[in-house]
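This report concerns the model displayed below. Please consult the sequence and the coordinates alongside the text.

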Amino acid sequence: MKAQRPYLLRALYQWLLDSDEIPYVLIDAQVEGVQVPEEHIQDGQIVLNIGPSAVRDLVLEDQFVMCSSRFSGRQFELILPMTSVRAIYGKDSGQGMVFPEEAIYLTPPAQQEAGTSLRRVDQVEAQDAAETLGGADDAPPQSADEDDQAGDGRPNLKLV
C-alpha cells in the first residue's frame with residue numbers, strides 16, 4: 001500500500017492556501033537526506049514557511065519535498081525527504097495535521113489472489129513517534145499482534 005503522507009501533505013497544503021493561511025512544515029532535520037540551513041535547526045527540528053511568497057519552485061513529490069528559499073540573504077536549495085515531514089499547519093490558525101509514523105504493509109503474492117489479510121513488513125515504533133512529538137508515556141510497547149489485530153484476527157487501526 002502506498003504511503004499516505006505525500007497525498008495528505010499536498011491536500012493540506014492546497015487547503016491552507018485556499019483558506020488564505022501561510023503553510024508551515026515541521027521537519028525532523030535528523031532524517032537522512034535532509035538539506036536545510038544547519039544554523040536554523042533547533043532541537044533537531046526546523047520549521048519552514050513553504051508558502052508561495054517564501055519559496056520558489058516548490059515540488060511536492062511522493063518521496064521528497066524540494067524548493068529554494070533565502071535564509072539570511074543567501075539562496076538555499078531545500079531537500080526534505082517525505083519521511084522528515086512531521087507536520088503541516090497554518091501560521092495564523094495553527095490548523096493542520098501532525099503525521100503519524102506509517103507502517104508498510106504488503107500482501108504476500110500467494111495471498112494477493114486469494115484476497116486474504118495483510119502482513120506487517122516494517123515494525124513501526126509508535127512510542128518513538130510519540131516521544132518525537134512530545135507525548136510519550138511510560139507504558140511498555142505492545143507486541144505487533146496486540147497492536148495490529150482485532151479480536152477476529154483482521155488488521156485494525158489504532159490511534160496512538
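## Helix 1

In this predicted model, D20 follows helix 1 and has a positive phi, near 60°. Helix 1 itself comprises 14 residues, 5-18. From its first C-alpha to its last it reaches 20 Å, close to the 20 Å expected at 1.5 Å a residue.

The buried residues of helix 1 are R5, P6, L9, L12, Y13 and L16. Seen down the helix axis, these buried residues fall within an arc of 135°, so they line one face of helix 1. In an α-helix there are 3.6 residues a turn, so residues three or four places apart point the same way. The cover over the buried residues of helix 1 includes strand 1 (23-28), strand 3 (55-60), strand 4, strand 6 (85-90) and strand 7 (96-98).

## The sheet 3-4-5

An open sheet is formed by three strands in the order 3-4-5, with antiparallel pairing. Strand 3 and strand 5 stand at the edges and each has a single partner strand, so one side of each lacks a neighbour in the sheet. From one strand to the next, the twist averages 15°.

## Strands 4 and 5

Strand 4 (residues 64-71) and strand 5 (residues 74-81) run antiparallel and are joined by eight bridges. Within this pairing, C67 has L78 of strand 5 as its bridge partner, and R70 stands opposite Q75 in strand 5.

The two strands form a hairpin with two residues between them. In this hairpin, S72 adopts a positive phi near 50°.

Notes. Residues numbered from 1 in each chain as written. Predicted model: local features only at pLDDT ≥ 70, side-chain atom pairs only at ≥ 80, totals over all residues. Heavy atoms only, no water. Pairing = 2+ DSSP bridges. Helix = DSSP H or I, 4+ residues; strand = E, 2+ residues; numbered from the N terminus. Expected span 1.5 Å × (residues − 1). Buried < 20%, exposed > 50% of the residue type's maximum accessible area, 1.4 Å probe, protein only. Arc of directions from axis to C-beta. Contact = heavy atoms within 4.5 Å. Axes fitted to C-alpha atoms, helices over the stretch in contact; angles between N-to-C directions.
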